[in-house]
Amino acid sequence: ITSTSETAFTSSYTIAANTLSVGDMVRIKLWGTYGGTVLPTIRGKLKFGSTIVLDTGDISGLVSGSNLGWWTEAEAIVTALGAAGTIEAQGYAEFSTAATTGLSVNLVNTAAITIDTTAAQVVTVTIDWGATGTAQTITLRELAVEVLKPQAAANAMVVGNAVTSGTVGSVLFVGTGGLLAQ
């Protein structure tokens with residue numbers, strides 16, 4: 001993507017309608033390369049359908065070069081179902097700026113995000129270069145989306161406490177599939 005207007009990567013993933021349950025975790029991982037001679041700001045958005053789930057905001061400080069690496073990881077936990085279902089989402093992005101350094105960005109939400117779990121949700125990522133630089137480009141090389149289901153408590157072991165709305169909540173479990181669940 002080289003555009004100065006919001007443009008989606010061609011890779012996407014569709015979460016089928018009515019397949020999410022409370023407690024499910026949607027884990028999204030992306031890897032790619034970027035480069036250019038003079039790089040403006042860049043902004044990335046993770047979307048479920050047209051709903052923005054995570055937003056990097058404008059990122060500055062990218063370095064000139066070619067085939068520099070970047071990656072992003074995001075997790076969304078389903079907290080309510082229905083046409084006004086909700087998720088809690090957080091994430092992290094990193095852009096290589098040299099052989100051993102990177103520019104890190106926390107992708108933070110301060111409230112639940114409303115999504116319609118009764119409709120199919122297409123997971124997409126958009127990019128917007130803030131201005132025209134010199135040969136700026138970003139490429140998505142891999143997109144991985146996992147929908148992890150909670151394991152039954154009978155097959156689990158206690159690993160810690162969940163924090164919900166700033167207070168200690170219920171106990172987390174790790175099931176045979178390695179998923180954290182309430």
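How many bridges join strand β4 (residues 42–48) to β10, and in which sense do the two strands run? The legends below take up this question first, and every view is drawn from a predicted model.

**View 1. Strand β10 and the strands that pair with it.** Strand β4 (residues 42–48) is joined to β10 by 7 bridges, and the two run antiparallel; within this pairing, the bridge partner of I42 in β10 is W129. Strand β1 (residues 7–8) also runs antiparallel to β10, with 2 bridges between them, and here A8 has T126 as its bridge partner in β10. A further antiparallel pairing, over 3 bridges, links β2 and β10, with I15 standing opposite Q121 of β10. Strand β10 covers residues 121–129, and because 7 of its 9 residues are buried, the strand is largely enclosed by the rest of the structure.

**View 2. The surroundings of D24.** D24 is placed in the loop between β2 (13–15) and β3 (25–36), and with a relative accessibility of 0% it counts as buried. The side chain of D24 makes a polar contact, at 2.6 Å, with the side chain of K149. When neighbours within four places in sequence are left aside, D24 is in contact with T19, with A76, I77 and V78, and with V147, L148, K149 and P150.

**View 3. T72 in strand β6.** T72 belongs to strand β6 (residues 65–80) and is buried, its relative accessible area being 13%. Not counting residues up to four places away in sequence, T72 touches I28, K29 and L30, together with Y92, A93 and L107.

**View 4. Aromatic pairs between strands β6 and β7.** The count of aromatic pairs comes to 4. One of them is the stacked pair of W70 and F95, whose rings lie 6.3 Å apart centre to centre with 25° between the planes. Because W70 lies in strand β6 and F95 in strand β7 (residues 85–98), this pair ties together parts that are 25 residues apart in sequence. W70 is buried, with a relative accessible area of 6%, and F95 is likewise buried, at 5%. Another pair, formed by W71 and Y92, is tilted, with 5.4 Å from centre to centre and 45° between the planes; since W71 lies in strand β6 and Y92 in strand β7, the pair ties together parts that are 21 residues apart in sequence. W71 counts as partly exposed at 29% relative accessibility, as does Y92 at 26%.

**View 5. An aromatic cluster.** F9, Y34, W70 and F95 form one aromatic cluster.

How values were computed:
Residues numbered from 1 in each chain as written. Predicted model: local features only at pLDDT ≥ 70, side-chain atom pairs only at ≥ 80, totals over all residues. Heavy atoms only, no water. Helix = DSSP H or I, 4+ residues; strand = E, 2+ residues; numbered from the N terminus. Buried < 20%, exposed > 50% of the residue type's maximum accessible area, 1.4 Å probe, protein only. Polar contact = N/O pair within 3.5 Å; in protein donor to acceptor, adjacent residues only side chain to side chain. Contact = heavy atoms within 4.5 Å. Pairing = 2+ DSSP bridges. Phe/Tyr/Trp six-rings, centres within 6.5 Å; stacked < 30°, edge-to-face > 60°.
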